[in-house]
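Hello,

Here is the structure I promised to pass on. Please open it first, then read my notes below.

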Amino acid sequence: FGFKRQQSTGTVKTNKVYGPGGKFMIGPDFGFKTFQASAHFVNFNNLEVYTWNKLEFGFKRQQSTGTVKTNKVYGPGGKFMIGPDFGFKTFQASAHFVNFNNLEVYTWNKLEIEIDVSFQYFLRKDDLPYIHKFYDVNYGTTIRTSAISAIKSVLLYGCEAWNASTMCIKRIQVFINRCLRRILRIKWTDKISNESLWERTRQIPAGDEIGRRRWRWIGHTLRKPCGSITKNVLDWNPQGKRSRGRPRGTWRRVRDNDVKTETAKHETDHFISKRKEIEAKLFKAVRDKLGGTCCEKGCEELDGGCPEGCKGPDDCNDEEDKGLWVNVKYFQLGAIQIPDVVEERKLEKLITEEAVERGQYLQDASVIRKNTEAIVRDINNQAEELRQRAETQSQQLRIISQANYTAIVEKARSKGLKDLYDQLGIKDQAVKSSFDYLRTLRGLDHVHLTVDFQQRIVGGLGRG
């Protein structure tokens, strides 16, 4: 290929590419600056290629000086042409397994138990320069100690040691809210609740933050030796007589009130009855301690979504908000070893609850039995009342029907006698009465009649 070039000045005109090959009329003062249009052949002999494990990340390291270049992370694994004087400083890219066996922790009721905890963590490729900067390849020990600290902080509920009244906390909260509204440029005419303000700024109430700091300090103090003055101060009771009036709020009263009202604390029994809840809280504590509060890249597409309260990429500080630059996964709370005394106490409690529950069931059964008997009596009384009412109604109907029957028969008898008297021509009342009397006697089975000529008639006269 070629560009037209002026011979006198050496100017190359790149507005048109000529070729490949051919004949062109370009003038006596012009020639061509040419480029090869056919294939270029390249051969490398004895080229050194660096290859390493597919389960490792790496930084390029110069062998002669030991300088590590952290501007680019290679891997995991692969083949790279980096030159004869360079190698790789590698970091494990696969899962790191951490197991804590018989980890001693303290519960809210001041009992020491042992738990087994295991989890896996993965180094973040994008944050590997920070791991190299602060911990080099010895990050494993730091990860383990930080995980233990996170687990124990959840179980010891430590916080800073200073007293704060309700009015003081309210004043602090008002000041914080005022600052947040100024930062977000929210006018006083805009109706935005404090809860919405905290959610937008990812803040927690001042009282909760003070409580967390207070108990973190208490946990640190309780781990000191028994002879420590700081530890003895926690239960120190000054002698003397206080002044009249309502007792003033003290740090100890605030601490005792927190113990009574803080729902995040766990007793020894909770490790049995609320195992899933405690496991979730331990997992969150370890994940926040080691992985930080930044949202994992691409967490929106995961099944569980992003962790609650995590910060977006634009709000994260790489050195402050990303913890120890690892992702914690697959946390599992293993065996829990509770002292025999606690187990015996738990068993006695269950037996007592069972006895109380049995007594309650018996009492409920007695009450239900009495109620059932009362219902049965009411049903029997109603049935007896209905029976008597039915008998009365049936007797009344029987009497009425008998009376109607007699009336109908007498009426028919009277009409029949009248027709008979008319047909026989009997008009004398005495004869009618005699005839009626004889007819009546005739209808009786136990009556015997005689006629005028002294003849006895035995048996009934018959009917009809």
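**Helix α9 and its surroundings**

Helix α9 covers residues 275-291, 17 residues in total, and reaches 23 Å from its first C-alpha to its last. That is close to the 24 Å expected at 1.5 Å a residue. Please keep in mind that this is a predicted model.

Which residues of α9 are buried? They are Ile278, Glu279, Leu282, Ala285, Val286, Leu290 and Gly291. Gly292 follows the helix and has a positive phi, near 80°.

Two further α9 residues deserve a look. Lys289 is found in this helix. Its relative accessibility is 42%, so Lys289 counts as partly exposed. The C-alpha of Lys289 is 7.5 Å from that of Leu324, although the two are 35 residues apart along the chain.

**Aromatic pairs**

The count of aromatic pairs comes to 10. Take Tyr18 and Phe24: their ring centres are 5.1 Å apart and their planes meet at 75°, so this pair is edge-to-face. The cut-off for that label is over 60 degrees. Phe283 and Phe331 make a stacked pair, with 5.7 Å from centre to centre and 15° between the planes. Phe283 sits in helix α9 and Phe331 in strand β11 (residues 326-337), so the pair ties together parts that are 48 residues apart in sequence.

- Tyr18 has 12% relative accessibility and counts as buried.
- Phe24 has 38% relative accessibility and counts as partly exposed.
- Phe283 has 23% relative accessibility and counts as partly exposed.
- Phe331 has a relative accessible area of 10% and is buried.

**Lysines over rings**

Lys60 lies over the face of Phe86, 5.1 Å from the ring centre. Lys329 lies over the face of Phe122, and here the figure is 5.6 Å from the ring centre.

**Helix α10**

Helix α10 runs over residues 340-424 and has 85 residues. From first C-alpha to last, α10 reaches 122 Å, close to the 126 Å expected at 1.5 Å a residue. Which residues of α10 are buried? Val342, Leu417 and Tyr421 are. The buried residues of α10 pack against α11 (429-442). Gly425 comes after α10, with a positive phi near 75°.

There is also a record to compare. An unreviewed UniProt entry lists residues 369-403 as "coiled-coil region". In the model, that stretch is 100% helix and 0% strand. Its end C-alpha atoms are 51 Å apart.

**Backbone points to check**

The peptide bond from Gly19 to Pro20 is cis, with omega near 5°. Pro20 is in the loop between β2 (12-18) and β3 (30-34).

Two residues other than glycine have a positive phi. Trp325 has a phi of about 65°. Trp325 is in the loop between α9 and β11. Is Trp325 buried or exposed? At 2% relative accessibility, Trp325 counts as buried. Tyr330 has a phi near 55°. Tyr330 is found in strand β11. Tyr330 is exposed, with a relative accessible area of 56%.

**The chain overall**

The protein chain holds 11 helices and 11 strands. Of its 464 residues, 25% are buried. The accessible surface comes to about 33,900 Å², and carbon and sulfur atoms account for 52% of that. Among contacts with a separation of 6 or more, 62% are between residues 24 or more positions apart.

Best wishes

How values were computed. Residues numbered from 1 in each chain as written. Predicted model: local features only at pLDDT ≥ 70, side-chain atom pairs only at ≥ 80, totals over all residues. Heavy atoms only, no water. UniProt positions renumbered as here; feature names shortened; annotations may be inferred. Helix = DSSP H or I, 4+ residues; strand = E, 2+ residues; numbered from the N terminus. Expected span 1.5 Å × (residues − 1). Buried < 20%, exposed > 50% of the residue type's maximum accessible area, 1.4 Å probe, protein only. Contact = heavy atoms within 4.5 Å. Areas by Shrake-Rupley, 256 points an atom, 1.4 Å probe, with all protein chains shown as cover. Phe/Tyr/Trp six-rings, centres within 6.5 Å; stacked < 30°, edge-to-face > 60°. Lys NZ or Arg CZ within 6 Å of the ring centre and 35° of its normal.
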